[in-house]
Amino acid sequence: MGLSVGIVGLPNVGKSTTFNALTKTQNAQAANYPFCTIEPNKAIVPVPDNRLFELARIVNPERICHSMVEFVDIAGLVKGASKGEGLGNQFLANIKETEVILHIVRCFEDSNITHTEGEINPLRDVEIIHTELLIADMQTLEKRVEKLMRQAKSGTDKEAKAQLEIAQDLLTHIQKGEAVSQYTKKDDERFLQLDKELRFLTNKAVIYGANVDEEALREDNQYVKDLRAYADKRNEVVIKLCSKIEEELISLDEEEQREFLKELGAKESGLNAIITLGFNKLGLISYFTAGVKEVRSWTIHKGDKAPAAAGVIHKDFEKGFIRAEVIAYDDFIRYGGETKSKEAGAMRIEGKDYQVQDGDIMHFRFNV
């Protein structure tokens with residue numbers, strides 16, 4: 001299990017530059033013209049977690065293995081993309097495969113960088129992308145409604161009739177200009193099935209990345225203030241970043257990065273902020289395995305029980321689960337490892353109903 005983040009936005013807002021910075025790669029060509037990114041660029045990067053290094057100081061493993069996050073840089077969308085404008089809606093399909101949408105919004109002035117709409121207006125830009133995603137959802141659902149109507153017409157397919165009812169209700173909701181995330185019947189099993197199959201774009205978690213200049217990184221400019229107000233009304237979050245600064249951070253070591261960010265008045269890099277927020281939005285947590293071969297982080301959903309957590313390592317672990325030996329992270333650090341934690345009574349034996357906690361160090365017993 002991993003976190004997948006799709007980076008979207010209008011052309012020339014800094015998407016590819018942000019992608020280069022976030023992934024510490026230069027695979028995405030950054031240039032001053034629309035549709036510079038034609039194929040979706042993908043990169044797998046480690047999830048920063050200092051707890052791994054603290055565990056490694058005690059265990060002294062051969063290697064450290066982070067949880068991973070995938071960033072997908074998707075070509076700039078334009079008004080009418082859902083109808084085939086620009087490079088068309090082929091890129092909207094790429095967004096369906098991600099769990100979180102990172103919407104890069106241009107919040108800086110620069111006469112040397114063109115804007116497809118002629119002027120800087122973050123709220124207009126956000127609405128353009130939102131509308132295209134909404135239209136794409138509507139088109140997808142209309143096709144499903146047509147199919148369900150044919151199936152329900154036979155009179156024998158009761159499941160299709162039930163699905164049709166919720167699909168038509170949701171379609172009416174979308175046609176009013178409302179995002180799927182605002183639908184009031186999202187707990188309905190029929191809706192959950194529809195979303196699982198169609199992966200509605202406007203039901204995905206959204207993070208707005210306000211791409212600013214260095215001055216606005218220290219203090220919000222009016223563009224950022226307007227974007228924050230917009231996001232607040234929708235219970236969404238804005239992360240402020242400067243793609244150029246993020247690229248500069250690539251060449252610095254960790255200590256230099258901390259000093260640089262401190263000078264700019266930033267607590268953490270855009271990468272850390274985006275991953276942390278993405279994890280929180282999706283209800284993801286990490287547990288660890290710690291041995292001489294490796295110290296590794298594993299990503300699960302908050303509330304997952306021990307067998308499901310074991311299954312992330314290997315399905316046989318879940319199938320033949322017997323018990324889990326668990327040490328809380330703080331105890332592992334306090335007592336200096338597994339042996340001393342066990343001697344201090346800090347190791348617990350947990351069964352199938354145990355809900356794994358963030359930071360647990362776990363060892364699974366199983367039999368297949």
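**View 1. Leucine 271 and its contacts in the predicted model.** Leaving aside neighbours within four places in sequence, leucine 271 touches Leu22, Phe71 and Glu246 in this predicted model. Leucine 271 belongs to helix α11, which covers residues 270-282. Is leucine 271 buried or exposed? With a relative accessible area of 12%, leucine 271 is buried, because the cut-off for that label is under 20%.

**View 2. Helices α4 and α6 where they pack.** Here helix α4 (residues 122-153) meets helix α6 (residues 189-198) at an angle of about 115°, and their axes are 12 Å apart. Which residues make the contact? On the α4 side they are Thr140, Leu141 and Arg144, and α6 supplies Leu194, Glu197 and Leu198. The crossing of α4 past α6 is right-handed.

**View 3. Two loop residues with positive phi.** Asparagine 60 is not a glycine, yet its phi is positive, at about 55°. You will find asparagine 60 in the loop that runs between α2 (50-59) and β3 (63-65). Its relative accessibility is 63%, so asparagine 60 counts as exposed. Arginine 199 is also a residue other than glycine with a positive phi, near 50°. Arginine 199 sits in the loop between α6 and β6 (205-211), and at 29% relative accessibility it is partly exposed.

View 4. The structure has 7 aromatic pairs. Ring pairs join Tyr183, Phe191 and Phe200 into a cluster. Elsewhere, look for arginine 51 over the face of tyrosine 329, 6.0 Å from the ring centre. Arginine 334 places its charged end over the ring of tyrosine 335, at 5.8 Å from the centre.

**View 5. The buried residues of helix α12 and what covers them.** Helix α12 spans residues 306-313, and its buried residues are Ala306, Pro307, Ala309, Ala310 and Gly311. What covers them? The cover includes the strands β8 (284-290), β9 (294-301), β10 (321-327) and β12 (361-366), together with helix α13 (315-319).

**View 6. Confidence along the chain.** The mean pLDDT of the chain is 86, and 88% of its residues reach 70 or more. Over residues 26-38, however, the pLDDT is below 50, and this stretch has 37 contacts in the model beyond near neighbours in sequence. Where pLDDT is low, the predicted coordinates should not be read in detail.

How values were computed. Residues are numbered from 1 along each chain as its sequence is written. This is a predicted model: local features need pLDDT of at least 70, side-chain atom pairs count only at pLDDT 80 or more; totals for chains, interfaces and linings use all residues. Side-chain values use heavy atoms; hydrogens and water are left out. Rings of Phe, Tyr and Trp (its six-membered ring) pair if their centres lie within 6.5 Å; planes under 30 degrees apart count as stacked, over 60 as edge-to-face and the rest as tilted. A charge sits over a ring if NZ of Lys or CZ of Arg is within 6 Å of the ring centre and within 35 degrees of the ring normal. Buried means under 20% relative accessible area, exposed over 50%, partly exposed in between (1.4 Å probe, protein chains only). Helices (H or I, at least four residues) and strands (E, at least two) are DSSP runs, numbered from the N terminus. Contact means heavy atoms within 4.5 Å. pLDDT is the predictor's confidence in each residue, from 0 to 100. Axes are lines fitted to C-alpha atoms, for helices over the stretch in contact, and angles run from 0 to 180 degrees between N-to-C directions. A crossing is left-handed if the near helix is turned anticlockwise from the far one by less than a right angle, and right-handed if clockwise.
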